[in-house]
Amino acid sequence: MFEHTRAFSGFSVDDIPKARRFYGETLGLRVSEKHGMLTLHIAGDRDTLVYPKPDHTPATFTILNFPVDDIDAAVDELAARGISFERFDGVDDKGIFRDRGPLIAWFTDPAGNVLSVLQED
């Protein structure tokens, strides 16, 4: 039934203008806005819808993962742009989890949704 449809993901935020600034300016993604909703135009033709929700509750899981070639460089650049990384057991001083699995660092958008950068092998 859906084998030829172009499905897409979406998530909610509580403030579209703030999300537009964060995703467009801070993260440097191409964004567009239509009907009060934001579209993130992610490389690989993977648009993601960001919609307003007055009673928004941040996702407690990672909603977007950004693969990078060099996680240390990515974390440094994001930190220079004002992004703080999640701190918990198992992450180093930069906020990178290096114990098992891919090298990964988590951060949140202004609405509290969890995002990550992870190093591709």
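**Entry 1: helix H2**

I began with helix H2 (residues 71–80), whose buried residues are Ile-71, Ala-74, Val-75 and Leu-78. Viewed down the axis of H2, these buried residues fall within an arc of 95°, so they line one face of the helix. I took the arc from the directions that run from the helix axis to the C-beta atoms.

Two notes on method before going on. This is a predicted model, in which local features need pLDDT of at least 70 and side-chain atom pairs count only at pLDDT 80 or more, while totals for chains, interfaces and linings use all residues. Residues are numbered from 1 along each chain as its sequence is written, and side-chain values use heavy atoms, with hydrogens and water left out.

My terms are these. Helices (H or I, at least four residues) and strands (E, at least two) are DSSP runs, numbered from the N terminus. Buried means under 20% relative accessible area, exposed means over 50%, and partly exposed is in between (1.4 Å probe, protein chains only).

What do the buried residues of H2 pack against? I found strand E5 (62–68), strand E6 (96–97), strand E7 (104–108) and strand E8 (114–119). Contact here means heavy atoms within 4.5 Å.

I then checked the ends of H2. Asp-70 caps the N-terminal end, with a side-chain oxygen 3.1 Å from the backbone nitrogen of Asp-72. Just after H2, Gly-82 takes a positive phi of about 95°.

**Entry 2: the overall layout**

I listed two helices and eight strands in the protein. From the N terminus on, the elements run β-α-β-β-β-β-α-β-β-β. The C-alpha atoms fill a box of roughly 40 × 35 × 25 Å along the principal axes. A compact globule of 121 residues would have a radius of gyration near 14 Å, and the 15 Å of this protein agrees with that. The radius is taken over C-alpha atoms, and the globule rule is 2.2 Å times the number of residues to the power 0.38. Of the 121 residues, 37% count as buried.

**Entry 3: salt bridges**

I counted a salt bridge wherever a side-chain nitrogen of Lys or Arg is within 4 Å of a carboxyl oxygen of Asp or Glu. By this rule the count comes to eight.

One of them joins the side chains of Glu-33 and Arg-20 (3.1 Å, N to O). This pair links distant parts of the chain, with Glu-33 in strand E2 and Arg-20 in helix H1 (residues 16–26), 13 residues apart. Glu-33 is partly exposed at 42% relative accessible area, and Arg-20 is partly exposed at 32%.

Lys-94 forms a salt bridge with Asp-76, the closest N and O atoms being 3.0 Å apart. Lys-94 lies in the loop between H2 and E6 and Asp-76 in helix H2, so the pair ties together parts that are 18 residues apart in sequence.

Asp-92 pairs with Arg-98, their closest N and O atoms being 2.4 Å apart. Salt bridges that share partners join Asp-72, Asp-76, Asp-92, Lys-94 and Arg-98 into one network.

**Entry 4: the nonpolar cores**

A nonpolar core is a set of buried Ala, Val, Leu, Ile, Met, Phe, Trp, Tyr and Cys residues joined through side-chain atoms within 4.5 Å. Which of the 30 residues in the largest core touch the most other members? They are Tyr-23, Leu-27, Leu-40, Leu-64, Phe-107 and Val-117. Strand E1 (9–13), H1, strand E3 (37–41), E5, H2, E7 and E8 each supply at least two residues of this core. A second, separate core of six residues includes Val-91, Ile-104, Val-114 and Leu-118.

Ser-116 sits in strand E8. Is Ser-116 buried or exposed? Its relative accessible area is 0%, so I wrote down buried. The side chain of Ser-116 makes a polar contact with the side chain of Asn-65 (2.6 Å). A polar contact is a pair of N or O atoms within 3.5 Å; within protein, one must be able to donate a hydrogen and the other to accept it, and residues adjacent in sequence count only if both atoms are side-chain atoms.

My last stop was Val-31 in strand E2 (residues 30–34). Val-31 counts as buried at 18% relative accessibility. Leaving aside neighbours within four places in sequence, the contacts of Val-31 include Arg-20, Tyr-23 and Leu-40.
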